[in-house]
Structures are given as structure tokens and as C-alpha cells.
Amino acid sequence: MAAFRLCVLLVWATITAVTAQSRVLPDKPSDTLDKEFHRQRREQLRKQLPARSVAVFFAAPVRNRSNDVDYYYHQDPDFYYLTGYTEPNAVLIVYAEPQTIDGKQVQDLLFVQPNDPRAEQWNGKRLGVEGASAALGIATQPNTAYQKFQFNKDLQKAYIKPLPTDVRDDKRDNADLYSLLEQFKAKNLTTDAKALEMVMGQMREQKTPEEINLLRKAVAISAMGQVEVMKAMQPNMSELEVQGLHEFVHNKYGAHFVGYPSIVGAGNNGCVLHYIESAKPAIGNNELVLMDVGAEYKGYTADVTRTIPANGKFSPEQKIIYELVLKAQDAGIEQCKVGSQFSAPTQAAQEVIAEGLIKLGIIKNKSEVRRYFPHGATHYIGLDVHDPGTYGPFKPNSVVTVEPGIYIPEGSPCDKKWWGIGIRIEDDILITEKGWENLSKLAPRTVADIEKMMAQPSALDDFKLPEIR
């Protein structure tokens, strides 16, 4: 535990130091990816393009929540990866060879929203054409010019991602994404909508040092959320309150978003793999609480899960199942080494869980294991919580999850004493040439360490709000 506390202090010092540096440039914190990072990603893509071809990327659609209210805009991860541009209604063209456009040689061309004082009064400052060119280091034109833009006649093929189909048409804007997509189709290019996804997956699978630093920060923040919730947890809290505590800690450390809808499931709700309702008004004294919550920091998302007893002490049955899942996770993590098959952690975890459930009399043979462990144990993380990759043998500088689980919902064909136990343990693992590193080790994993952490006082113990009548 002394080593654990030292780890907490080191993470705290790192977060505090980065925050202090960020105050120097409040509009662009020091750990934001710079234009050189994005330029290098375009160069890497260019090397994989055939001669006389281009790759064309469209910004993500604006998603509507209801009526005239939209969700907070989230850029397409590939588009952000290649440009750093975070606004909608944009097109990126990456050329295989330099092109002469308007008398200038360019390798890439970015069409962006022009400045519009009225729109900016409502929705915030835009980079505009000149701002985007300076900030991103890309030849830039207004998206209103895209309709008349012509690709070179000797172009043989355009590589694209599958074009989004659920895009709203803003009749007042002839350069919104709907219009840009229609204008692209009218150019009648020969396109390939499959190869580009494979190339981008290969590129994003292995993280650069800058990306690993951002993932470390996202994971450290997420782990700290687990720690603080362990200390604050009390029976009769609502699932929504627990979710709010996690996300409050994330915000406190500068993570503006979660990388996916937070999963906080108490009791039988923990047996629902993607339970996002957080609807239970009072968590029972003897219930487990499964908390799968990941902070998104500067676009990169963690994915950390812990399962804890609401009252701070595992029951005998809960402890047995928990330690079986932990044993399976340890077996899976040991497979996270360069050259191992992507499926190896899942296979190792399944073997441990199958043998354990047979010994407990919960299943009779290994073929039944998927009833209680129905998902894979591993996926990549990065700009997406389920980041793209090759899913082939592990490569250095990949970051993956290892997340076995056992879920025994009420009514299962086994002894009732196991019903309502849902446990998942998930850590984020960096694969290196020297082995694996658990980036989320700050959050306690063992029964003893969880119970010890839950016995500590919380900074939120005295936080009481007036009752609303």
C-alpha cells in the first residue's frame, strides 16, 4: 500500500504539473497535439497511396438531439488524426503526389468553414480559412469553393471511407456536409471505400509517444475517478450519483468528456453489458456495483472497469466470483506481448473462467462458458474507445484493454446464491518491446486493496445538498 500511495502522489504531481503548464496558454494547453504530429500522419498515409490517387475524408456530421438542439460536436477520429481540425462541414484531400493548385504546389488540401460573424455569435469562434491554414499547416480553401473544385483529370482513383448517409440537409447552407457529399458524388470519381479503412486501422493501431502520453493522462484520470468513488461509495446512493462522481473527478482533472456512455450497474443491472440508464434510485447494501467509466482527454479515451461492494465488504459468494475474474484477467494480461495473437488474452481468460465455473458447479462443461462470459476480453483504445487496428499479432506501442467478466443474472440455471452477481475488471495495457505495462494500476484490483481503499475517508463525505421539496 505504501507503493500504491507513492503511485497516487506521482500521478497527482504529473496531473498538477500539466495543469500548471496549461495555464500559460489557456487556449492551447501544452499537451495538445501540434500540427507537426498531424502532418506526419498525412505523410505516413501518403506513402501508402498508389500513384495518381488521392484519399478524401469528410468531417463528421452534426448530430441532432431534438428539434433545433444539436449534440456537442465530435470530429471524425480519422479526420482529427490527420488534421487536428475540430469543426464540421469540412473536406480533406491527401494527394499521392504534389499538385499545382492556384499556382501553388500543395500535397494536401483542406476545405473549411469560412468565418461568419453571425454564426460565430451563436456558436463560437471559427478558425476560418486563414486561421486553419496557420494553425494546422495545410493549404486551405473555404468549403464554399468545393463545389467548383476539380480533381486533376489524370487521377486514377479516390480512396474514401464509406460515406455517412444519415446527414441532415441545411437548406440555408450550400456548403454543409450534406451539400459537400452531394458535390463529391457529382464529380464522378472512381472510388474505393474499403482499402482506406484498412490503412487507417494499421496506422492508428501503433501509438506515437505523443498519443501514449495523452492515453496515460486519460487512464490516470479514469483510475483516479475509480479511487475517489471507492472512498465515497455508500449504500442507498443512486446509480446516477455514482456516475456523476466519476465524471466530476474527470472534469476536475481537465477531461471534458467521457469516451463512451458511462456504465454504472448495481446488482442485477451489472449483468447487462452495456447498461447506461443509471436508473436505480438506491443501491442495496449487499449489492455489487460495476463501474465501466472512461475519461476522454484531448480526444483520447481510457476504458477502466472496477466492480466493488456497496457496503465496502465482499460477501463470500461475491469474493469467490471476483477472484475468479481477477485470476482470468491476470492470465489474459500475461498474453499481452509483441507477437501474441490478438485473441490470446480472451482465450486465456476463457480457459480460467470455464475451469472455475465448472468447479463451482455453475456450468457442467467448457462449452457453456459463454453463457456467463459472453464477450471478448480485448480491444484497442485510442481516439475511439474501440479503436481500429489489424486485430493481428500484437505490435509494440499498441494499447489494449483486458476485461474478462462473469455475469450471472437472476433466473440463471444455477444455485440462487450466485444470482445478481455481475463482475468485470478492466485495465488498459500498453504493449512494449520489453513486455506489458498496466496503465490503470492506480485503481485497486484485489479484494483486499479494494476493501482497504473503501475504508478510507472521502473528500465528499461531508458534501450534503439541501433537500428539494
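Ile 429 stands opposite Asn 438 in strand S19. Strand S18 (residues 427–432) and strand S19 (residues 435–438) run antiparallel and are joined by four bridges; two strands pair if DSSP finds at least two bridges between them. A hairpin of two residues links S18 to S19. Helices (H or I, at least four residues) and strands (E, at least two) are DSSP runs, numbered from the N terminus.

This is a predicted model, in which local features need pLDDT of at least 70, side-chain atom pairs count only at pLDDT 80 or more, and totals for chains, interfaces and linings use all residues. Residues are numbered from 1 along each chain as its sequence is written, and side-chain values use heavy atoms, with hydrogens and water left out.

Ser 222 is found in helix H8 (residues 209–232). Ser 222 is buried, with a relative accessible area of 1%; buried means under 20% relative accessible area (1.4 Å probe, protein chains only). A polar atom of the Ser 222 side chain lies 2.8 Å from the backbone oxygen of Ala 218. Leaving aside neighbours within four places in sequence, Ser 222 is in contact (heavy atoms within 4.5 Å) with residues including His 250, Val 293 and Ala 302.

In helix H6 (residues 177–186), the buried residues are Leu 177, Ser 179, Leu 180, Leu 181, Gln 183 and Phe 184. The table lists strands among what covers them.

| Strand covering H6 | Residues |
|---|---|
| S1 | 53–58 |
| S4 | 91–101 |
| S7 | 157–160 |
| S8 | 191–192 |

Just after H6, Asn 188 takes a positive phi of about 55°.

Key. Buried < 20%, exposed > 50% of the residue type's maximum accessible area, 1.4 Å probe, protein only. Polar contact = N/O pair within 3.5 Å; in protein donor to acceptor, adjacent residues only side chain to side chain.
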